[in-house]
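The model shown is a predicted one.

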Amino acid sequence: ADIVASVIVPSYKEGANVRPLVTRLFAALDASKSALLNRNNVEVIYVDDNSKDEITTEVPALQKEGYAVQLFVRTTERGLSSAVMHGFQKARGRLLLCMDADLQHPPEQVPELLEALNQSGVEFVIGTRYAKGVSIDKDWPLYRRVISSGARVLALGLTPLTDPMTGFFGIRRDVYEQGRAAVNNVGFKICLELYVKSQVKKSAEVPFSFGVRVFGESKLSGKVIIKYLEQLWQLYNYRYPTVFPAALALLLLIALYIFVAIFQAVF
């Protein structure tokens with residue numbers, strides 16, 4: 001059967017999560033009773049940054065069991081965003097979906113995101129942690145919640161998405177191809193990058209509950225946060241090439257005025 005959808009899973013040191021992710025995802029396809037999707041027209045593509053862990057044995061084992069899963073190991077390139085782009089280039093489906101390898105994105109909701117992406121006119125879909133009634137795992141650290149909320153606020157001028165920081169998102173292949181050449185694949189958040197550079201006009205959102213990781217370690221660091229701020233700077237310049245420099249200059253002048261006023265009042 002022709003491949004309708006490709007699920008890209010960038011990974012690094014997530015070998016212990018491969019089997020549960022793949023088996024749960026295909027079980028969800030079997031249970032979905034979708035007229036669009038089934039286990040014969042969906043593929044899973046792992047793009048691994050040379051983890052040298054059990055992923056190299058788990059994927060071949062799953063293939064022998066009949067699962068449509070592939071593994072591409074990169075030895076000269078690194079980074080989440082470039083891994084996603086690499087996977088999209090290898091994909092055969094017209095619907096492209098990205099999800100984390102750590103099981104924090106529930107495989108059971110993959111069919112729902114793909115169905116939403118297939119709706120008339122929809123170009124982009126996200127799994128959102130911030131829809132009404134959605135709960136975030138109580139064990140997710142407070143500082144991670146604060147960082148996530150702050151990152152969302154900083155992106156408000158670029159997108160109406162409620163969760164532009166998510167790694168659980170999908171894009172139609174034709175829309176992806178429109179923006180691919182402009183994408184900076186070293187960015188921190190490829191979802192936001194693709195949304196802006198592909199000039200998405202209509203999107204959909206699917207609520208999901210965000211859990212804590214089962215195996216592996218978080219990749220969040222201070223360096224990653226700095227990279228995100230650099231990415232925001234570039235995206236605002238891209239979206240508002242004439243307005244952004246002037247707005248930034250005005251904000252700096254206001255900040256300088258406030259600083260001088262406070263300095264004079266104190267000293």
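Start with helix H2, which spans residues 55-64. Three of its residues, Ile55, Val59 and Leu62, are buried, meaning that each has under 20% relative accessible area. They lie on the same side of H2, because the arc they cover around the axis is only 65°. Thr57 and Lys64, on the other side of H2, are exposed.

What lies over the buried residues of H2? The cover includes strand S1 (5-11), helix H1 (18-32), strand S2 (42-48) and strand S3 (69-73). After H2 comes Gly66, which has a positive phi, near 100°.

Now turn to the nonpolar cores. In soluble globular proteins, nonpolar side chains tend to be buried together. In this model the largest nonpolar core has 36 residues. Val7, Val22, Leu25 and Tyr46 are the ones with the most contacts inside it. At least two residues of this core come from each of S1, H1, S2, H2, strand S4 (95-98), helix H4 (110-117) and strand S7 (203-207). H1 gives the most, with six residues.

Which residues does Val22 touch, leaving aside its neighbours within four places in sequence? Val22 is in contact with Tyr46, Leu62, Tyr67 and Val69. Of these, Leu62 is one of the buried residues of H2, and Tyr46 is among the residues with the most contacts inside the largest core.

There is also a second, separate core, made up of 34 residues. Ile8, Val84, Leu158 and Phe169 are among them.

Conventions. Residues are numbered from 1 along each chain as its sequence is written. This is a predicted model: local features need pLDDT of at least 70, side-chain atom pairs count only at pLDDT 80 or more; totals for chains, interfaces and linings use all residues. Side-chain values use heavy atoms; hydrogens and water are left out. Buried means under 20% relative accessible area, exposed over 50%, partly exposed in between (1.4 Å probe, protein chains only). Helices (H or I, at least four residues) and strands (E, at least two) are DSSP runs, numbered from the N terminus. The arc is that of the directions from the helix axis to the C-beta atoms. Contact means heavy atoms within 4.5 Å. A nonpolar core is a set of buried Ala, Val, Leu, Ile, Met, Phe, Trp, Tyr and Cys residues joined through side-chain atoms within 4.5 Å.
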